[in-house]
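This report describes a single protein chain by its folding elements, its core and its side-chain pairs. The sequence and model come first.

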Amino acid sequence: EASKASTGSLDVQMEECQVAVLLEQAVGEFEGRLFEKNIDVISKIPDEPIRIMADGKLLWRVFENLLNNICKYTQKDTRVYLSVEKENELAVVTFKNISAYPLDITEEELVERFVRGDKSRHTEGNGLGLNIAKSLVELQKGTMKLVIDGDLFKVNLAFDKSV
């Protein structure tokens, strides 16, 4: 899947999606795992729908990868902040969490294949999740940007809003 995503050889079926609805559904799928770590999800979702052109299955996979990372790498007993916002002609989806492990790595290194922020390998994983997510976002004509500030880990996804 990582190879197909990075080479653009996945079939992409673009259609109008309500990004916040898809995000809320994905969070619901991870409710149990988040509860086990006592992670509160604070969501900022606008009342009015924000629509983008995306492949719902691929966008689901992106949300799934990011939420899976949140479950694996977020400090227990903390909060995760999720938001969907309009910024000019863009729909921006943001994921913010506090890492359970020191993030002594750059944003660029973290999205490379087979690289993990948890260099001590305390957790499971192969280091492909962020790389796949970035490739899938780009296949849908979006952008994915990581921001690391101390132990704060932030992912911004941006897509053109559909009219």
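The sections below go from the chain as a whole to individual residues.

## Basis

This is a predicted model, in which local features need pLDDT of at least 70 and side-chain atom pairs count only at pLDDT 80 or more, while totals for chains, interfaces and linings use all residues. Residues are numbered from 1 along each chain as its sequence is written, and side-chain values use heavy atoms, with hydrogens and water left out.

## Chain overview

The protein chain has six helices and seven strands; helices (H or I, at least four residues) and strands (E, at least two) are DSSP runs, numbered from the N terminus. Their order from the N terminus is α-β-α-α-β-β-α-β-β-α-α-β-β.

Of the 163 residues in the protein chain, 45% are buried. Buried means under 20% relative accessible area, exposed over 50%, and partly exposed in between (1.4 Å probe, protein chains only). The chain exposes about 8800 Å², with 47% of it supplied by carbon and sulfur atoms; the areas come from the Shrake-Rupley method with a 1.4 Å probe, and for residues only the protein chains shown count as cover. Contact means heavy atoms within 4.5 Å. Among contacts between residues at least 6 apart in sequence, 71% join residues at least 24 apart.

## Nonpolar core

A nonpolar core is a set of buried Ala, Val, Leu, Ile, Met, Phe, Trp, Tyr and Cys residues joined through side-chain atoms within 4.5 Å. The largest one has 44 residues, and Phe63, Phe95, Met144 and Leu157 have the most contacts inside it. Two or more residues each come from α2, β3 (51–54), α4, β4 (79–87), β5, α6 (129–139), β6 (143–149) and β7 (152–160). Helix α4 gives the largest share, eight residues.

Beyond its neighbours within four places in sequence, Met144 is in contact with residues including Val111, Leu130, Lys134 and Leu157. In helix α2 (residues 19–29), the buried residues include Val19, Ala20, Leu22, Leu23, Ala26 and Val27. They lie on the same side of α2 because they cover an arc of only 160° around the axis, the arc being that of the directions from the helix axis to the C-beta atoms.

## Aromatic pair

Rings of Phe, Tyr and Trp (its six-membered ring) pair if their centres lie within 6.5 Å; planes under 30 degrees apart count as stacked, over 60 as edge-to-face and the rest as tilted. By this rule there is one aromatic pair. The ring centres of Phe63 and Phe95 are 5.9 Å apart and their planes stand at 50°, so the pair is tilted. It links distant parts of the chain, with Phe63 in helix α4 (residues 56–73) and Phe95 in strand β5 (residues 90–98), 32 residues apart. Phe63 and Phe95 are buried.

## Salt bridges

The structure holds five salt bridges, each a side-chain nitrogen of Lys or Arg within 4 Å of a carboxyl oxygen of Asp or Glu. One of them joins Glu16 and Arg51 at 3.6 Å, N to O. This pair links distant parts of the chain: Glu16 is in strand β1 (residues 15–18) and Arg51 in strand β3, 35 residues apart.

Within helix α4, Arg61 and Glu64 are three residues apart, about one turn of the helix, and their side chains meet in a salt bridge at 4.0 Å, N to O. Glu64 is partly exposed at 30% relative accessibility. The C-alpha atoms of Glu64 and Val27 are 8.5 Å apart, although 37 residues separate them in sequence. Lys134 and Glu138 form a salt bridge at 2.6 Å, N to O, and are four residues apart in helix α6, about one helical turn.
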